[in-house]
Amino acid sequence: MNRIIGKITLVLCLGCFLFSCRSKKGIVTKRPNNTPTVVIGGESKEETKHAPKTSSKVYANATEKYIDVYKEIAQQEMDLYGIPASITLAQGILESGSGKGRLSVKANNHFGIKCHGWKGGKIYHDDDKAQECFRKYKDAKYSFRDHSLFLKDRKRYAKLFKLKKSDYKGWARELRLAGYATDKKYPQKLISIIERYELYKLDKGDVGNSSAEFKMPVVEEQITYTVAKGDTLYSISRKHGITVEELQKLNGLNSTALNIGQVLVVKP
């Protein structure tokens, strides 16, 4: 009887030992590998994915941005029509308020070219007279092209094209003499912009070479104001905390007369 009990006890002990060993085995699960594999020279290597780098250009002011955006278009027009890129850009900056004027924003018209038989899109804007007709473009580049054709196709601007492309001062003066602008200070304003931003560097060589050597100078932010109906020099000067005399000096004004849509510098 004792032998039988001993055998039963031995069997029970062995059973408990085997069960405890089996329960200690961990459950192994395979995690899926989502990393793509690249085969290089017969060997497989895991490819690591990187998030794309994003970079945004910071400009000191609207004029600096304008130059960077449109300088190549101005150079292409220079190569095709012989108009100095510096002159084209300076005119665009002056007449569009560095791209912030109503005509440039609403109509991509950077040079204030009026309709004159234009059959394309139109926009009406107060200028010398109320609600005058101005040309409207689908893209700003067409405004630059129209500006080139405007000068090239009119006999009164013929003397311009006898000047060297490097003679930006001569171009600025002749534009005024040919009747492009009524402002007596127009040539000085163009020359000031060209020299301040060193735009004359864009007049050298072809598009590739001149863009490579052109570097934007560091300048302080310039603030402009577009004249609206009812504005006077006094009201504008009060609004921007300067005197009438300072406002006249900044913009080369000899009188208090203003035109609606005229862009004035209120901070140098």
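Let me start at Phe-161: at 24% relative accessibility, this residue is partly exposed. Buried here means under 20% relative accessible area, exposed means over 50%, and partly exposed is in between, with a 1.4 Å probe and protein chains only.

A word on the source. This is a predicted model, where local features need pLDDT of at least 70, side-chain atom pairs count only at pLDDT 80 or more, and totals for chains, interfaces and linings use all residues. Residues are numbered from 1 along each chain as its sequence is written, and side-chain values use heavy atoms, leaving out hydrogens and water.

Back to Phe-161. Lys-152 lies over the face of its ring, 4.3 Å from the ring centre. The rule for that: NZ of Lys or CZ of Arg within 6 Å of the ring centre and within 35 degrees of the ring normal.

Now the aromatic pairs. Rings of Phe, Tyr and Trp (its six-membered ring) pair if their centres lie within 6.5 Å; planes under 30 degrees apart are stacked, over 60 edge-to-face, the rest tilted. The count comes to 10 aromatic pairs. Take Phe-161 and Trp-171: the centres are 5.4 Å apart and the planes stand at 85°, so this pair is edge-to-face. Phe-161 sits in the loop between helix 5 (140–152) and helix 6 (168–177), and Trp-171 in helix 6, 10 residues apart. Helices (H or I, at least four residues) and strands (E, at least two) are DSSP runs, numbered from the N terminus. Trp-171 is buried, at 0% relative accessible area. Elsewhere, ring pairs link Tyr-66, Tyr-70, Phe-111 and Phe-144 into a cluster.

Next, salt bridges. We need a side-chain nitrogen of Lys or Arg within 4 Å of a carboxyl oxygen of Asp or Glu. How many salt bridges does the whole structure hold? The search finds 8. One of them joins Lys-57 to Asp-68, with the closest N and O atoms 3.0 Å apart. Lys-57 is exposed, at 60% relative accessibility. Asp-68 also bridges to Lys-71, at 3.5 Å. Both Asp-68 and Lys-71 lie in helix 2, 3 residues apart, about one turn of the helix. Both are buried.

Last, the disulfide. That is a pair of cysteine sulfur atoms within 2.5 Å. There is 1 in the structure. Cys-115 joins Cys-133, S to S 1.9 Å. The torsion about the S-S bond is about -65°, so this disulfide is left-handed. Cys-115 is buried, at 7% relative accessibility.
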